[in-house]
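Grab a pencil and work through these exercises with the structure open beside you. Try each task before you read its solution.

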Amino acid sequence: MVRYDAPLRDYTFLLHEVFEVVELAEQLDYEGWDRDMIDMMMEEWGEIMRTAWLPTNAVGDKVGCTYENGKVKAPPGFKEAWDTTTEGGWFAAAARAEHGGMDCPLFFRNAMDEFAISSNMALSTVGALNLGVYDLISEHGSAELQEIYAEKVASGEWCGTMCLTEPHAGTDLGIIRTKALPQDDGSHQITGTKMFITFGDHDLSDNIIHMVLAKLPGSPEGSRGISLFVVPKFLPGDDNLNGVTCSGIEEKMGLHGSPTCVLNFDDSIGWLVGEANTGMRIMFEMMNRERLATGMMGIGLGEIAYQNALDWCVERRQGRDLKGIRDLNEKADSILVHPDVRRMLLKMKANNEGCRALATWAGTLLDQMRRGDDESKTHATALIALLTPIIKALGTDLGCETCSLGIQVMGGAGYCTEYGVEQFYRDARIAPIWEGTNGIQALDLAGRKITQDFGKNFRSLMWPLLEFIEENRDDVDMAKYTKPLYQSVRGLQQLTLLMIAEGMGNPHFLAAGATDYCTYFGNTMLAFMWARMARVCNDAKAAGTEDPFYDAKLRLADVFFAEILPDNVGLAAKVQAGHKHLMQFPEAML
Ligand SMILES: Cc1cc2nc3c(=O)[nH]c(=O)nc-3n(C[C@H](O)[C@H](O)[C@H](O)COP(=O)(O)OP(=O)(O)OC[C@H]3O[C@@H](n4cnc5c(N)ncnc54)[C@H](O)[C@@H]3O)c2cc1C
């Protein structure tokens, strides 16, 4: 059985020492969210995840979901695990007080998401979907829809889904075919087929609330003609199905505990959310949080992969230290004496802790967007525009890399089911695909976000970075972080100008370099996070605080600057290489 301990110390460091969230929560009127409350809630949630969710994770993977007579059954133990969290009122934490919630800050949601993902990624998707459905209904639904659905979805009594994808329409949702026919009573009849719908059917809750993208008669072509509807599995007060049937579930690489369903809507009754033809705009509004939550999947799975790979490596003995025998009483030394083993383990740890810092910063910015004054709202909005695709793409790519390293560092044991780590890799692999593939995130960043408002987002993001570098200019202890950070920022500015200048004349240039540009950008943001964390650790040590945590963090910052940031040199060269070697390659020779 794998083990998991929620990374509480890292979160208290980030929340209280790096981002000073208690002051922020006070400024933003998050009542009651003081340090005691945050720490207590985090600790309790971590423990519930470890004791109630984690034991169901391997079973979920092994047994998976079953589909029989049109009905889907979740794996053994999932219902009990789900009920433990809903009965404890945990999922309602993020909801508004009027819907029975605790109105918790979004920076806190990150920690909740991470612990849930580490403990059972498959089950965590239900919570993430519910929150998405709740956000849509509570922010855009009519008073009547809110009255019927908001509280039940927020609490998890009813579960929700996102029905966007169709057999012929994935990335390109503009070509969906599902139809919505207006009825005299103000409702709509929804007809069409949706596929790949996560938890589209299951037995965790009595009702399932589907958020469905569909087209009204006469609506404009493409994504501007899409509307959003609430379509419940059962209509309120009615025991008969509302024309929603599940015709099968997918066999897939990982995430076996999360059913991926084909759903057929046959004259199902639904209600419009928001205005007609604004479905995509509404969906995009909530994407910031959803994409950040998807980035957390990489971190959550990377963290549990690291913890278990480390445990195994500590015990494993093979070969001798190249500098001489370490342990004379044993036939072989611990594999921790090998530089390559350390490279893998430390890269895993650096990926997790760097991305966690970046996601925590983004969480505080989302809170400012939600509740800040006009100035901080504008600033946070500009930063989040850039950070969202970066966190989604970088967080999930690094999550896969981290889980893959976890397998590699364990050798054959890593590849075998008994030790648990291979499941994390298989589960992590979906995250770069859904919520907009990482290729699309990169295009969003390079093709849209950096030029938006004549480059305002980009300039807004450069301010805090350059300000930080300037503030620390004369600090010799910080030079090993701020110098490479500065070089990376300068490189980013030059690459950005190149992308805009060349990309305006030739979109293939921009699109060919987008993924490498996004990674370069992400690495630069991670460098900023590591430098900020190093600053806090240096200050704490200078103030006489003795805690090995700070030493470990500083040493890990060194790992980042030596092992990861230098990748930017190669990434820049790839962006500069342009598109011709790709686009002039004849299709017939592919
Ligand atoms: C396990 C699982 C769960 C899912 N859950 C849900 C769910 O709950 N609800 C839901 O609605 N959907 C869900 N999906 C669907 C998921 O969001 C899509 O698979 C994803 O959006 C990609 O669409 P696609 O698979 O059709 O790939 P395609 O759109 O066919 O893309 C194929 C490749 O082409 C690239 N590509 C496509 N268009 C472009 C372009 N314009 N520019 C550059 N590259 C491009 C993509 O990046 C990708 O690499 C799920 C999928 C899976 C596998």
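**Exercise 1. Find out which residues Ala-350 touches, leaving out those up to four places away in sequence.**

Step 1: Look for contacts, meaning heavy atoms within 4.5 Å. Ala-350 touches Trp-530, Leu-556, Val-559 and Ile-564.

Before you go on: this is a predicted model, where local features need pLDDT of at least 70 and side-chain atom pairs count only at pLDDT 80 or more, while totals for chains, interfaces and linings use all residues. Residues are numbered from 1 along each chain as its sequence is written, and side-chain values use heavy atoms, with hydrogens and water left out.

Step 2: Ala-350 sits in helix 8; helices (H or I, at least four residues) and strands (E, at least two) are DSSP runs, numbered from the N terminus.

Step 3: Buried or exposed? Ala-350 is buried, as its relative accessible area is 2%. The cut-offs are under 20% for buried, over 50% for exposed, and partly exposed in between (1.4 Å probe, protein chains only).

Step 4: Compare sequence with space. Ala-350 and Glu-563 are 213 residues apart in sequence, yet their C-alpha atoms are 9.5 Å apart.

**Exercise 2. Describe the salt bridge between Glu-303 and Arg-356.**

Step 1: Check the distance. A salt bridge needs a side-chain nitrogen of Lys or Arg within 4 Å of a carboxyl oxygen of Asp or Glu. Here the N to O distance is 2.8 Å.

Step 2: See what gets joined. Glu-303 belongs to helix 7 and Arg-356 to helix 8, so this pair ties together parts that are 53 residues apart in sequence.

Step 3: Check burial. Glu-303 is buried at 8% relative accessible area, and Arg-356 is buried too, at 1%.

Step 4: Widen the view. Glu-303 and Arg-356 belong to a network of salt bridges that also links Asp-10, Glu-114, Lys-349, Glu-353 and Lys-553. The structure holds 35 salt bridges.

**Exercise 3. Work out what lines the largest pocket.**

Step 1: Get the idea. A pocket is an open set of points on a 1 Å grid over the protein atoms alone, where a 1.4 Å probe fits, with protein on both sides within 12 Å along at least five of seven lines; lining residues have an atom within 4 Å of a point.

Step 2: Read off the volume, which is the space filled by probe spheres set on the points. The largest pocket has about 1400 Å³.

Step 3: Find its centre. Of the 48 lining residues, the closest to it are Thr-165, Ile-433, Trp-434, Glu-435 and Gly-436.

Step 4: Which helix gives the most to this lining? That's helix 7, with 10 residues.

**Exercise 4. Locate the second largest pocket.**

Step 1: About 670 Å³ of space lies in this pocket. Of its 26 lining residues, the closest to the centre are Trp-361, Leu-365, Gln-368, His-379 and Arg-532.

Step 2: Helix 13 supplies the largest share of the lining, seven residues.

Step 3: Domain 1 (8–153) and domain 3 (437–583) both give residues to the lining, so the pocket lies between them. Those bounds come from an automatic or database domain assignment.
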